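Q: I have a new model on my screen and would like to learn how to read it. Could you walk me through it?

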Amino acid sequence: MQVPLLDLTRQYNSIKSEIDDAVMTVLAHCKFIGGPEVKKFEDEVAAYCGVKYGIGVNSGTDALLIALRACGVGHGDEVVTTTFSFFATAGVISRLGARPVFVDIDPESYNIDIHHIEKAITPRTKAVMPVHLFGQCADMDAIISICRPRGIKVVEDAAQALSADYKGRKAGTIGDFGCFSFFPSKNLGAAGDAGMIVSDRAAEEDFARILRVHGSKPKYYHSHIGYNSRLDTIQAAVLSVKLKHLSRWSAKRHELAHAYDVAFADVEQIRTPYVMPGNYHIYHQYTIAVPDRDRLRDHLLDLKIGCETYYPVPLHAQECYKDLGYKLGDLPVAEKAAREVISLPVFPELTGDEQQHVIDTIRAFYRK
Ligand SMILES: Cc1ncc(COP(=O)(O)O)c(C=O)c1O
């Protein structure tokens with residue numbers, strides 16, 4: 001039996017008529033940029049998260065870029081962030097002329113280790129950017145208590161965590177800005193690239209909105225040099241339909257994650273995901289750690305069972321950052337995770353038989 005890591009066609013087929021209607025409505029009214037669906041979706045996400053503002057942009061990457069800029073990050077500044085994330089987290093810092101200062105991760109949650117943040121702060125630190133990796137929030141109370149007294153802004157990279165919950169608050173709503181990605185494979189995925197910034201802060205919200213349209217307000221009057229980064233109307237229409245199903249899909253991911261947890265509990269080589277007390281993990285990825293990861297990955301791929309390594313190289317070890325002066329061994333927990341983690345199929349439409357096949361295969365690999 002083949003098992004995909006993700007099959008978006010199943011999700012589409014389950015809500016096909018709703019999606020098709022929403023897209024046809026946009027094709028009929030032709031307001032492809034700035035159509036009514038954009039504001040509607042921005043308001044829906046803001047309400048879902050419990051914040052005042054949602055600012056639709058054209059990717060999660062641009063959400064981070066614009067949020068950092070709205071925090072005043074620019075040339076010569078530093079932004080403290082985790083070394084274990086998708087490249088966009090670091091790339092946006094560098095694109096603003098600032099320097100990413102990478103911090104090691106907590107070995108259990110894979111999120112930024114709050115015990116190393118203070119050491120990484122210098123007078124040039126403008127912002128701290130935690131990433132809610134795999135769908136679980138970083139320890140936001142600790143991060144806020146380090147940053148607020150120092151006047152350091154907090155931008156949450158919640159690209160993988162829309163609908164995750166930290167002590168009763170939604171991911172993305174605790175720092176100054178929260179940034180979401182709606183890349184098609186995300187828990188809430190568009191039919192292309194899309195992203196959003198959420199915030200409660202009126203002044204910065206206005207600036208972020210200006211930045212996404214070439215730094216102009218009103219049109220053709222440019223107070224800043226901004227970007228072309230609007231959320232397309234068609235994407236907003238698709239996402240609005242899908243948002244209604246998100247909580248149900250998250251619950252299904254939970255069920256699947258629980259079944260894996262139970263099935264692997266007696267396999268001593270497997271470390272299943274750790275959920276921090278007070279967190280609602282939405283399992284954007286179900287990621288286990290095993291000592292012989294590459295052998296397991298090759299075995300699963302040989303049997304056509306989808307799996308992936310997020311991420312094989314920590315950010316401080318990326319070639320493009322060799323000038324920053326990090327060397328292997330500097331951030332050992334992340335380096336170990338990069339050698340050991342592997343993510344398994346956990347999409348809501350995964351069938352019971354498929355999951356059982358993944359479980360049986362992995363248990364047999366470890367002779368269980
Ligand atoms: C942690 C993280 N940050 C940022 C991004 C960038 O989002 P996008 O691909 O929508 O630009 C992603 C997703 O790909 C991500 O996983």
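The dialogue below goes from the overall fold to the sheet, the ligand shell and some backbone details.

Q: Where do I start, and what is the secondary structure of the protein chain?

A: Keep in mind that this is a predicted model. The protein chain has 13 helices and twelve strands, and its C-alpha atoms fill a box of roughly 65 × 55 × 35 Å along the principal axes.

Q: What does the radius of gyration tell me about the protein chain?

A: The idea is to set it against the value for a compact globule. For 368 residues that value would be near 21 Å, and the protein chain has 21 Å, so the two agree. Buried residues make up 48% of the 368 residues. Of the contacts between residues at least 6 apart in sequence, 68% join residues at least 24 apart.

Q: In what order do the strands of the open sheet run?

A: Seven strands line up here as E1-E9-E8-E5-E4-E2-E3, with mixed pairing. Strands E1 (53-57) and E3 (99-103) are the edges; each has a single partner strand, so one side of each has no neighbour in the sheet. From one strand to the next, the twist averages 25°.

Q: In which sense do E8 and E9 pair?

A: Strand E8 (residues 177-181) and strand E9 (residues 195-199) are antiparallel, over four bridges. In this pair, Ser-181 stands opposite Gly-195 in E9.

Q: Which strands does helix H5 touch?

A: Helix H5 (residues 88-95) packs on the sheet against E2, E3, E4 and E5, and its direction makes about 175° with that of E2. Helix H8 (residues 202-211) touches E1 and E9, at about 15° to the direction of E1.

Q: Which residues come nearest to the ligand?

A: Of the 15 residues around the ligand, Ser-59, Gly-60, Thr-61, Ala-159 and Ser-181 come nearest. Helices H4 (60-70) and H5 each give two or more residues to this shell. By type, the shell divides into five nonpolar, eight polar and two charged residues.

Q: Which peptide bonds are cis?

A: Look at omega. The bond from Lys-217 to Pro-218 is cis, with omega near -5°, and Pro-218 is found in the loop between H8 and H9. A cis bond also joins Tyr-310 and Tyr-311, with omega about 10°.

Q: What is the phi of Ser-163, and is Ser-163 buried or exposed?

A: Ser-163 has a positive phi of about 90° although it is not a glycine. Ser-163 counts as buried because 23 other C-beta atoms lie within 10 Å, where 20 or more are needed.

How values were computed
Residues are numbered from 1 along each chain as its sequence is written. This is a predicted model: local features need pLDDT of at least 70, side-chain atom pairs count only at pLDDT 80 or more; totals for chains, interfaces and linings use all residues. The radius of gyration is taken over C-alpha atoms; the globule rule is 2.2 Å times the number of residues to the power 0.38. A residue is buried if 20 or more other C-beta atoms lie within 10 Å of its own, exposed if 12 or fewer, and partly exposed in between; C-beta atoms are placed from the backbone. Two residues are in contact if their C-beta atoms, placed from the backbone, lie within 7 Å. Two strands pair if DSSP finds at least two bridges between them. Axes are lines fitted to C-alpha atoms, for helices over the stretch in contact, and angles run from 0 to 180 degrees between N-to-C directions. A residue is near a molecule or strand if its C-beta atom, placed from the backbone, lies within 6 Å of it. Ala, Val, Leu, Ile, Met, Phe, Trp, Tyr, Cys and Pro count as nonpolar, Asp, Glu, Lys and Arg as charged, and the others, Gly among them, as polar.
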